[in-house]
Amino acid sequence: MSLPKEPNATTGLLVGCGLSRYPFGIDLIQQGRLMNINIVATTPFIDQKPGTSGLRKKVTVFKAAHYLENFVQAVFDTIDAPSGSTLVLGGDGRYWNREAIQVILKMAAANGVGTVLVGQGGILSTPAASCVIRKYRSFGGLILSASHNPGGPEGDFGIKYNTGNGGPAPEKITDAIFARSRTLSSYRIVDAPDVALDRQGSYAMGGMMVEVIDPVADYADLMESLFDFAAIRALIGGGFRLCFDAMHAVTGPYAREILERRLGAPAGSVINGVPLEDFGGGHPDPNLTYADQLVAIMYANDAPDFGAASDGDGDRNMILGRHFFVNPSDSLAVIAANATLAPGYAAGIAGIARSMPTSAAADRVAEKLGVPCYETPTGWKFFGNLMDAGKVTLCGEESFGTGSSHVREKDGLWAVLFWLNILAARRLPVEEIVHRHWAEFGRNVYSRHDYEELPSDAAAHLMAHLKVQLADLPGKVFGDSSGNYRVKFCDDFGYTDPIDGSVSTGQGLRIVMDDGSRIVFRLSGTGTEGATLRIYLEAFEADPLRQLVDAQQALADLIGIAHELSQLKQRTGREQPTVIT
Ligand code: VG1
Ligand code: CO
C-alpha cells in the first residue's frame with residue numbers, strides 16, 4: 001500500500017487516520033469517521049511459511065498474540081496494493097473465523113484498502129471467493145480456511161492470499177510473504193467497532209467501505225450459466241434421487257440453494273447442511289473414511305442414484321454412484337471426455353492439467369481429443385498460469401479436487417453439477433458411465449495410501465532413505481505373482497512453469513516401471529500434526545475383462561514394493577494406512 005513511512009514502531013502509538021492519504025482529513029472528522037491507526041510493535045514468528053495451500057496451524061497457534069496480525073501485515077506489505085483497492089474476505093465458517101475477519105477488516109482499513117467485500121456471516125467457500133474476486137475485479141482476497149482439517153478450539157485454522165485472477169498466490173508471492181514475515185517489526189490496525197457480519201449492507205470503517213454480500217448468489221448464478229439446469233431439473237423430476245453431504249461445512253448453504261431450490265431436489269437431499277464451527281466434531285474431508293455417513297447411504301439397499309460430498313471450504317468433491325465410488329482421477333477423465341455435454345463447455349476444452357500424483361487417465365482423454373495435457377506439482381496454485389494463458393480448461397488432482405477456468409480454485413459443487421449434467425444427458429447409472437469409459441480408454445487402476453500423524457523425523461528419514469536409492473533403481477526387477485515390474489526411471493519431481501519459467505523442485509519421489517505403472521511418495525504440505533506420508537499407486541489395465549477388479553488387489557504387488565523400498569514398517573511402525581482412497 002502507498003502509505004507514509006511508519007513512525008517509531010511503538011505499541012499503541014496513535015496516528016491520525018491516513019491524514020497524509022487524505023490531505024483534507026478534516027472532512028473525515030466532519031463525517032464522524034476519524035479513525036486512529038495503531039502501529040503495533042511486534043517480533044517475527046519464524047514459522048509463517050505457507051504450505052501447499054496457505055498458512056495452516058492449530059487454532060491455539062493462530063490465537064497467540066500478534067500471530068494472525070503478523071501474517072496479515074506480511075501479506076499487505078508484500079502485495080503492495082494501490083491505495084483504495086478492493087479486496088475479498090471470507091472463510092469456511094470454522095471456529096475463530098468471525099474473530100479473525102474482524103481483525104483483518106481493521107488491518108485492511110489501516111493499510112489503505114478502499115473496499116472489502118465480505119461474505120455474510122464471514123462465509124465464502126473457496127470457489128465462491130474466487131468467483132467474487134474475478135466478478136468484481138478485486139485486487140485479491142484473503143480466504144480463511146484449513147479446508148479438510150478438523151476445526152474447533154483444538155482444531156486447525158488457516159489463511160491464504162489469492163491474487164486478482166481469483167487463484168492462490170503463486171510460490172514467488174508466498175515466498176515473499178514468508179520472507180517479509182521474518183523481518184516484520186510492526187503492524188497496522190485501526191480502532192473501530194466490529195462490523196455486523198450477519199446483515200448485508202455497506203459499512204464505513206474510517207476511509208474504507210465494508211460491503212457485506214450474499215455469499216451464495218454470485219456463485220450460484222455462475223453455476224447456472226455453465227450447466228444445463230433445465231435438463232438436470234428434468235432428471236430429478238423424473239425420480240432420480242441424490243444425496244449431497246455438506247459435512248457441516250461451508251457448502252451447506254450453496255448446495256441447498258443450487259440443488260434443492262434451483263434444481264428442485266427434495267428437501268433433505270442435502271444432509272449435514274448447516275455449517276458448524278467444529279463441523280459437528282467431524283473431519284470435513286470427503287473421502288471413503290471420513291464421509292462414512294454418506295458412504296453408508298450410498299451402499300445401502302435403497303441407495304439413491306447419486307451421492308456427493310464436499311470438504312470444509314467447498315473446493316473438494318467426492319462422487320459416488322449407487323454402490324460405486326468414482327476415483328477422483330477417473331472423475332477428471334470422465335468429465336473431460338464428456339465435457340461438451342455441458343453448455344459452458346460445448347465448444348470443447350483447450351487442454352487439461354493434472355497434478356503429478358494424479359493418475360494418467362486424463363492424459364488418455366486429452367490424447368484422443370487432440371489437446372495438451374500438463375503435469376504440475378501438487379496444489380492448485382500451479383494451474384493458475386496455464387488457465388490464465390488459455391492453455392487448459394480443466395484441471396484436477398487425485399485428492400478429490402476438480403475444476404476449470406470458470407474460477408481459479410478447485411470447485412466441489414461445480415464437479416457435482418458437471419456429473420449431474422452428464423447424467424441428465426446420458427441417462428445411465430454412474431457405474432455404467434465409468435465402466436464404459438474404462439472400456440474405451442483403458443483403466444488406470446489407482447489408489448492413494450495416507451499415513452497420518454507420523455513422527456516428523458521418521459517420515460523425513462524414510463524419504464531420505466528412498467531418495468538415496470533413486471540413482472540405483474533403474475533397471476532393477478521386482479518379482480511378483482503376476483509378472484515382473486522393472487524400474488524404468490525415478491526422480492524427485494521438479495516443474496518449470498511453461499508460462500513464467502518459475503522452477504519448483506522436491507515435489508515428490510517417482511518410481512516409474514517399464515509398463516507405466518508408478519509409485520509416488522510425498523509428504524503432505526497441509527497437515528499441522530507431525531507428518532503425513534502419501535503413497536500414490538497406479539497401474540494401467542487395458543483389458544476390459546480385467547478392469548473390474550478391486551483396486552487394492554490389483555495394486556497389491558506395487559504396494560509390497562513400496563513398503564519394501566521405503567522400509568515403512570521398520571521406520572514408522574505402521575503397516576496399515578490411516579486412509580485409503
Ligand atoms: C493436499 C492435497 C492437494 C491439495 C491440497 C489443498 O495437499 O494432496 O492435492 O491441493 O491438499 O487442498 P497435501 O500437501 O496435504 O498433499 V484443500 O481442499 O486442503 O485446500
Ligand atoms: Co479444501
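**View 1. Charged side chains across the predicted model.** The protein carries 51 positive and 65 negative side chains, and the centres of the two sets lie 3 Å apart. Lys and Arg count as positive, Asp and Glu as negative, with His and the chain ends not counted; each charge is placed at NZ of Lys, CZ of Arg, CG of Asp or CD of Glu. This is a predicted model, where local features need pLDDT of at least 70 and side-chain atom pairs count only at pLDDT 80 or more, while totals for chains, interfaces and linings use all residues. Residues are numbered from 1 along each chain as its sequence is written, and side-chain values use heavy atoms, leaving out hydrogens and water.

View 2. The structure holds 16 aromatic pairs (rings of Phe, Tyr and Trp, its six-membered ring, with centres within 6.5 Å; planes under 30 degrees apart are stacked, over 60 edge-to-face, the rest tilted). F62 and W96 make a tilted pair, 6.5 Å centre to centre with 45° between the planes. Because F62 sits in helix α2 (residues 59-62) and W96 in the loop between β4 (86-91) and α4 (97-110), the pair ties together parts 34 residues apart in sequence. Helices here are DSSP runs of H or I with at least four residues, strands runs of E with at least two, numbered from the N terminus. F62 is buried at 1% relative accessibility, and W96 is buried at 12% (buried means under 20% relative accessible area, with a 1.4 Å probe and protein chains only).

**View 3. W380 against F383.** The ring centres of W380 and F383 lie 4.6 Å apart with planes at 80°, so this pair is edge-to-face. W380 is buried at 4% relative accessibility, and F383 is buried at 0%.

Methods. Chains lettered and ligands numbered in written order. Buried < 20%, exposed > 50% of the residue type's maximum accessible area, 1.4 Å probe, protein only.
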